[in-house]
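The following note sets out points for a colleague to read beside the sequence and the coordinates. Each point takes up one topic.

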Amino acid sequence: MTITEVPENAAPDTPVSRPPTAVSRPSEFVSGAAPAVSRTQKRNSIKPTRDRLMTALSLVAAVGGTLVGVIGFAMSYSTLAKVALSWGFSEQLAPWFPVGVDASIIAFLALDLYLIRKNTPWPLLRMAAHAMTGATIWFNASSQGHISTDPVKAASHGVMPILFVIGVEAARRLIIQKARLEAGTAADRIPLHRWILSPFATPKFYRRMRLHGVTSYLEMVRREQELIGYKQWLKRKYNGDLNKATEDERLPMKMAAYGYTVSEALAMPDEQEREAEKRAEEAESRRLAAETRRQLEQRKAEADRVEADGELEAVRARVEGQTGQARAHARAQVSAAERAAELEEQALETAVIAEARAREAEAEHKQAQERQAKAAAELQTAELERQAAQKRKEIAEADRVAAAEAQAVETAEIAEARRATAEANRVAAETERAAAEARRAAAELDANTAEEEARREAAFANVLLAQKAAAEAEMAAAETRLAAAEIERRAVETEDAAKLKPRERAVRKVARMILTAADGEANRLPLANIQRELDVSSPGTASEYRTEAAELLASGYHPAT
C-alpha cells in the first residue's frame, strides 16, 4: 500500500510483538536447527531454577512477614497494655485492650484479602484496618510521652505496626495481581521514564488506558502510533488541510478519545450500515412475524367463529327438528282426529241411511203382513166358495134326485140332457174347486214368502241397528280423539311458547296420555304405549318418563292450564 491510498484497515487490532513463524524465518529452522534445540534446552533448564528461586523468595517473604508481624504485635501488646492500665483500665481488662486492637487489624485485613480472592472486594474493610493501624501507631508513639519532645523514640515504638501493614499491603497487591492475571485483566504500568520524558501527554495517555480498559501499555503505544500515522497520511492526501477530509475520514481522530482504534473507527460507518440493515431486516422480520401471527389469529378466530356458528346451527337445527317433529306429530294427530271425525260423520250418515232402510224394511214388513192378511182373506174366500160349490153340488144332486123322481116319466132324451147338464155343472164345480185350491196354495205361498221377507227384513233391521250402535260408538270415540287432539295441539302450542326442552315435552305428553288413556292413574298406562308414542327403546327410560309425569300431575299439571 502506498502512502496515497486510503487504508481500509490502517492498523490491525493485534499486539505489536508477534511470535515468529516458520515461514518468516525458514533459515533458522533449516540451517540452524541445532542452535534452536540448544536454546530450548537452555530455557527448559532456566525455568526450574527460576521456579525454585520464586518459591524460596515466597518462603522468605512469608517467614519474614510473619516474624515482623509477631514482633510488632508483641511489642505493641506490651506497650498498649501499659497504656491501657495508665488510662484507667483495670488489671483484668488492660491485657485485652491490645488484643482487641491488633485482632481487629488482623481480622479486617484477612477478610479484605479473602473478599479480594473471591473477586468481591469491599474497601471499607481496608480503610477500617488502616484506621486501626493508625490508632495503634498513635497509641504506641504516644506511650512515651509527647511525640514532639522525642520523635525518634516515638517513631521506634510506631515503626513495627507500619512494617506489618506494609507487608499485608504487599500480600494484598500480590493476590490482586494474581487474580487479574488469572482473569486476563492485569494492566501494564506506564514506565517511569515516560512520565519524566513526557509529563504533559502521559496523564492523557494513562487516562485513556484506564477509561477504555486497555491493559497493555504496548497496545496503547501502537494505537497512538497508528493514529499519528493516519493523521500524517491525511495531511499528505489533502496537502496539510485536514478540513478537506470527509467526516468518515476524520472519524479516527474523533473516536480516539473514546477508545477506538483507527481500523475500528474507519469500519464504524460500514458496521453501522450493516447494523442498520440488520435492524431493518429484524424489524421487517418482526413485522412479517406479527402479520403472520395476526393472520393466524384472525384465521383461528374465524375458524372458532365458524365452528361456533356450526354448533349453533346444529343446536338450532336439532331444536327446530324436535319442535318440527312435535308439531308434525301434533298435526298428524289433529289430521287423524279430523279424519276420524269425517269417518264418524260418514258412519253417522251411514247410520241415518241404515235407519231409513230399517224404516223401509219395516214398511215392507207391514206390506208383507198386509199381503199375508190379504192372502188369508182370499184363502177364506176360496174356502167359502168351495163350500158354496159343495152346497151347490149337493143342491144339484138333490135337484137331480127330485127331478128324477118328479119327471120319471120324461123321456130318455130329456134325462140324458139333464144328466149331461148335471155333469157339466159337476165339472164346473170341480174346476172352481181346483181354482179355489190353487188360490189357497198361492195365498199360503204368499203368506210364507211374506213371513220369510219379514224375517229377512227383521234381520236386516237388526244389522242396521247394530251398525248404527257401532257408528254411534265410533262417533263418540272420534269425538274423544278429536278432543284429545285439540288438547294435544293446545299443549304443543303452550310448550312451544314456553320453549320447553325435549325431555320436558316428553314428560308432559306422557302426563296427557295418563289423563286420556289411563283415567289419571299412572300405573295403568303400559310402558309399551310410552315407548311407541315417544319412540323410546328402553323400558327403563319409559318408566322414568311415567314416574316424572306422575309427579308432574301430582304437582297440579293439567293440559288446559
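1. Of the protein's 561 residues, 24% count as buried, where buried means under 20% relative accessible area, exposed means over 50%, and partly exposed is in between (1.4 Å probe, protein chains only). The model is a predicted one: local features need pLDDT of at least 70, side-chain atom pairs count only at pLDDT 80 or more, and totals for chains, interfaces and linings use all residues. Residues are numbered from 1 along each chain as its sequence is written, and side-chain values use heavy atoms, with hydrogens and water left out.

2. The secondary structure consists of 14 helices and zero strands; helices (H or I, at least four residues) and strands (E, at least two) are DSSP runs, numbered from the N terminus. Read from the N terminus, the order of elements is α-α-α-α-α-α-α-α-α-α-α-α-α-α.

3. The protein exposes about 37,600 Å², and carbon and sulfur atoms supply 59% of that area. Accessible areas come from the Shrake-Rupley method with a 1.4 Å probe, and for residues only the protein chains shown count as cover. Among contacts (heavy atoms within 4.5 Å) between residues at least 6 apart in sequence, 59% join residues at least 24 apart.

4. Which residues make the nonpolar surface patch of about 630 Å²? Tyr77, Trp87, Phe89, Leu93, Trp96 and Val99 make this patch. Patches are made of residues with over 30% relative accessible area and no salt bridge; like charges are joined within 9 Å, and nonpolar side chains (Val, Leu, Ile, Met, Phe, Trp, Tyr) within 5 Å. Trp87 is located in the loop between helix H2 (33-86) and helix H3 (96-117), and with a relative accessible area of 46% Trp87 is partly exposed.

5. Helix H13 (residues 527-534) packs against helix H14 (residues 539-554) at an angle of about 95°, the axes being 9 Å apart. Axes are lines fitted to C-alpha atoms, for helices over the stretch in contact, and angles run from 0 to 180 degrees between N-to-C directions. H13 and H14 are therefore roughly perpendicular to each other, the class for angles of 65 to 115 degrees.

6. Glu219 counts as buried at 11% relative accessibility, and Arg223 counts as buried at 15%.

7. Arg440 lies in helix H11 (residues 412-498) and forms a salt bridge with Glu444, with closest N and O atoms 2.5 Å apart. The two are four residues apart in H11, so about one helical turn separates them. Arg440 is partly exposed at 27%, as is Glu444 at 35%. Arg440 and Ala377 are 63 residues apart in sequence, and their C-alpha atoms are 9.6 Å apart in space.

8. Glu544 forms a salt bridge with Arg503, the closest N and O atoms being 3.4 Å apart. Glu544 belongs to helix H14 and Arg503 to helix H12 (residues 502-517), so the pair ties together parts that are 41 residues apart in sequence. Glu544 is partly exposed at 43%, and Arg503 is partly exposed at 35%.

How values were computed
A salt bridge is a side-chain nitrogen of Lys or Arg within 4 Å of a carboxyl oxygen of Asp or Glu. Angles under 35 degrees count as roughly parallel, over 145 as roughly antiparallel, 65 to 115 as roughly perpendicular and the rest as oblique.
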